[in-house]
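Colleague: Please pick a single part of this model and take me through it closely, with its neighbours. I'd like the cut-offs along the way.

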Amino acid sequence: MVRLGMDGSEDRAELSGRVEEVDTGRTLKFRSEKELIEFLRRASSDPVETQNVVAEREKETTNR
């Protein structure tokens, strides 16, 4: 599931939102098209690596 524009920003130049891998519950708040595509690629190729990426991004988000 992909939800776009979660940050409330009026600036539409950069794609942002939240993506969730429904069967595993892994989620990512993404701030760019690149982050979204990276999540989708990793989710389809290596579930364990995706989990690690999500954990790191959550740490970054929490520390802001």
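**A close look at strand 3**

Modeller: Strand 2 (residues 17-21) and strand 3 run antiparallel and are joined by five bridges. This is a predicted model, where local features need pLDDT of at least 70 and side-chain atom pairs count only at pLDDT 80 or more, while totals for chains, interfaces and linings use all residues. Residues are numbered from 1 along each chain as its sequence is written, and side-chain values use heavy atoms, leaving out hydrogens and water.

Strands here are DSSP runs of E with at least two residues, helices runs of H or I with at least four, both numbered from the N terminus; two strands pair if DSSP finds at least two bridges between them. Within strand 3, Phe30 is the bridge partner of Gly17. Four residues separate strand 2 from strand 3 in their hairpin, and in that turn Gly25 has a positive phi of about 85 degrees.

Three bridges link strand 1 to strand 2, and Val2 stands opposite Val19.

Even so, strand 3 (residues 26-30) is largely enclosed by the rest of the structure, because four of its five residues are buried (under 20% relative accessible area, 1.4 Å probe, protein chains only).

Methods: Buried means under 20% relative accessible area, exposed over 50%, partly exposed in between (1.4 Å probe, protein chains only).
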